[in-house]
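Here is a short briefing for a first look at this structure. Keep the sequence and the 3D view open as you read.

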Amino acid sequence: MTQQKDNLTIQKLTVWLIRNRWVLLVLALLWLIPAAMYSQQLKLERSIESLYAKNNPHLLDFQQSKKNFGGDEFVIVAFEDPHLITKVHEEGGEEEEEEEGFEEEEFEEGEVNESYDEDEEEEIYEELSPASYRRIKELSKQLQNVQGVRANSTQDLAQATTPKEIAFQIFGKERKITAVIPNEKLFPLVEGMLIGKDHKTTAIVMRLEPESTSTISRSETIHRIREVARNFEKTSHLKTYIVGEPVQVHDMFHYVEEDGRTLFYISLGLLAAVIFILFRNIRWMLLPLLVVLLAVFSTEALLVLSHLRLSMVSSLLNSLVTIISIATVTHITVRFREHLQTEERIDAFSRTLTELLPAIFWTCSTTALGFLVLMSSDITPVKSFGLMMAIATLFVLCATAISLPGGALLGSKQYRLGNAPAEGQLSGLLTFLNQTIEKRPRLIGVLFFVVMLIGCGGLFRLEVETDFSKNFRSSSPIVQSLDFVETNLGGAGTWEVNFPAPQKLTKSYLDKVKRLAIKLRNDVNQPDNIQLTKVLCMTDGLDPMPRLLNVKNRLIALNQVQPEFGTALYNAQAKRMRIMLRSKERQPAAVKLKLIQKVHQISQEWAETELADDYPNAHVQTTGLFVLLAYLVDNLLHDQLISFILAAVGIVMMMMIAFRHFKIGIISLIPNLFPIILVVGGMGWVGLPINIATAMIASVSLGLTIDSSIHYISEFQRAKRFLSVQDALNQTQQRIGRAMVFSNVALIIGFSVLTFSHFIPLVYFGILVSLAMLGGLAGNLILLPLLLKWAVKNDKKGTTPA
């Protein structure tokens, strides 16, 4: 009785869709225009912090550091100048030290005193050349004028070597001197930051304002910095290199946004060409594209109206909607083509909808549920991605229903759909597969079991990609800049350890901090393996100050010689101090994570020993963008494990409801686990690390390949009402199998354009999703028939789909 009611409902819906096809088609086309316009306003959320759960300890430490020290988004502009340093001859004994650690300067700013008497005793020392001084000073001035750059925090070699007037109290009297830190002390202090070991490379280090207080976007700030650097290259003929975590993050989002939109349209064009070759009909080449665009633009327009943004995770939206749409329309196309051979257009399409609407409904509903469970994630962008994909999948269902009846039946002439190239051979192959399954079921079952077992072994060999530069092609400006800076200056990755501090600094406390800095340099670094390229603590700035001064006056003097040096490392109100670290960004995952853990362990042990009297429960925070980027993929991966399990449970339950069969609900999951284990396990075996895009490959693959299983089982259950199990499988293999092959071929060719992306994770995503679709095709054409034979009895009565 229930089956009859279901059939009656489907027939009524089919009649209504065909009767109102013109109105629905016109509405679809009219809606497409404003939806497309609204979709162009969709923005990309460019925050790395949003990719962490709000209660993640790494994120909490990072946010606390930003609150205490103002954030550390540094951008470095570096270049090589062969004439950066000149050799200067100084007459011995003529220069007197005004105070220990300082030298009085009597010549004009930037001028080098090169006069000396050859007969007198000489000393040769290094000094910034006048031409380089002027170049650095001018470039630094232009960079400081860029909106979004903290002008007072900008550091450069010209500024560091410029004599400065400092005032301080000594014995109750104010005293002023014009002094500069001697180069033999200054250069080691800034080496690896402002000057390279070769003394030919220099850098200007800028600290960016928080984006929340900046008058322009972070993207615009970086664009202007690059514009200033390009103009400098034209006038100086020196090539510049720009690095820093903010630049890497900006370039990542820029490539995702730019490539995502451009390659989407290119892939649609390629898909159209493939579909035309398969069916030789312009109408049925355009209809799938119409469904794709309706679903994509409608989803994006809704997001704009809801004031939501795309994230790094949800930037895959267009690609996934394309897969669902093309697969759905291909099944309709193949079935409609079959009925057109014996019936008139309206009757053929009516019969097609009656047969396929239940399967289409359940594929869209099941896929939507699979993505909706991602809302269980603690990560906001993953939640929004799940919601977006669930909405988009339902839009595919609506777009199919309102556009295909009018599009398929447009005009008055009867037409035919052509056969695909080599379709006869494909039909023979599908028959051969079923015959092989029937003759050697145990062998095939064992082979699949072995392959899955091998794949499972690869899961334990998976590594997480922490080298953020691996997200870009080796020819990209950011990678070339990282190579230059990390070769000539040291690490481009900036991070820190921060710990409790007294509200008033004492010599005893500073000595403890100095011991930690020395311990980090000595215990972490090895002679042949320098992992911390720079360890900068408060005493590095205070030690060159006059030793006659107390700590307070030395801090005052330091602030005048190097503004913001002290405040960048010490917050008296928050009672926290930090040591700034620099490391190479381009390191393997295991090395980078081990380095972070080792630094934290050394610092925590130091705090528990040195600070135990004043701070019994001293908590050390090891944080920074370098740390956030290192743990980013690992954070996404752990979150996805729970989401994947929930999605699998939800899909099984939906399949049980759809087919009213417990065994079928269970076995429907197995062919869809096969491609996931195959692809993800294969990544482990070949040593391909999981990156920011492939971290969600399991959940995405499960949501996409289940569609084919639903269509296959639905057709099998329909055929089984009149045929034996084997005959029903033979018919299903021909009807559904061809549609599955056609859609997979079109999608894999269409997704091949992702290999041209500048953003490497998108390249991997395109390749891995294509492999997952091939694995899903094998699972549904070989493993699923085998499981269905086991799940149902060999009779003509069977359970029908809901």
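**A helix pair, a pocket and a histidine**

Asn672, Pro675, Ile676 and Val680 in helix 23 meet a set of residues in helix 24: Ile697, Ala698, Ser701, Leu702, Thr705, Ile706 and Ser709. By class, the residues of this contact between helix 23 and helix 24 are seven nonpolar, four polar and no charged. The model is predicted.

**Helix 23 and helix 24**

- Helix 23 covers residues 670-686, and helix 24 covers residues 697-720.
- The two helices pack at an angle of about 145 degrees.
- Their axes lie 8 Å apart.
- The crossing of helix 23 and helix 24 is right-handed.

**The second largest pocket**

- The second largest pocket holds about 680 Å³ of space.
- Its lining has 33 residues.
- Nearest the centre of this pocket lie Arg46, Ser47, Glu73, Glu211 and Arg218.
- Elements that give two or more residues to the lining are helix 3 (57-69), helix 7 (218-236), helix 8 (245-279), strand 9 (493-500) and strand 12 (576-583).
- Helix 8 gives the largest share of the lining, five residues.
- The lining divides into 10 nonpolar, 10 polar and 13 charged residues.

**Histidine 199**

- Histidine 199 sits in the loop between helix 6 (183-190) and strand 7 (201-207).
- Is histidine 199 buried or exposed? Histidine 199 counts as buried because its relative accessibility is 15%, and the cut-off for buried is under 20%.
- Beyond neighbours within four places in sequence, histidine 199 is in contact with Leu84, Ile85, Glu126, Phe187 and Glu191.

Notes. Residues are numbered from 1 along each chain as its sequence is written. This is a predicted model: local features need pLDDT of at least 70, side-chain atom pairs count only at pLDDT 80 or more; totals for chains, interfaces and linings use all residues. Side-chain values use heavy atoms; hydrogens and water are left out. Helices (H or I, at least four residues) and strands (E, at least two) are DSSP runs, numbered from the N terminus. Buried means under 20% relative accessible area, exposed over 50%, partly exposed in between (1.4 Å probe, protein chains only). Contact means heavy atoms within 4.5 Å. Axes are lines fitted to C-alpha atoms, for helices over the stretch in contact, and angles run from 0 to 180 degrees between N-to-C directions. A crossing is left-handed if the near helix is turned anticlockwise from the far one by less than a right angle, and right-handed if clockwise. Ala, Val, Leu, Ile, Met, Phe, Trp, Tyr, Cys and Pro count as nonpolar, Asp, Glu, Lys and Arg as charged, and the others, Gly among them, as polar. On a 1 Å grid over the protein atoms alone, a cavity is a set of points where a 1.4 Å probe fits but cannot get out, and a pocket is an open set with protein on both sides within 12 Å along at least five of seven lines; lining residues have an atom within 4 Å of a point. Grid points are joined across faces, edges and corners, and a volume is the space filled by probe spheres set on the points.
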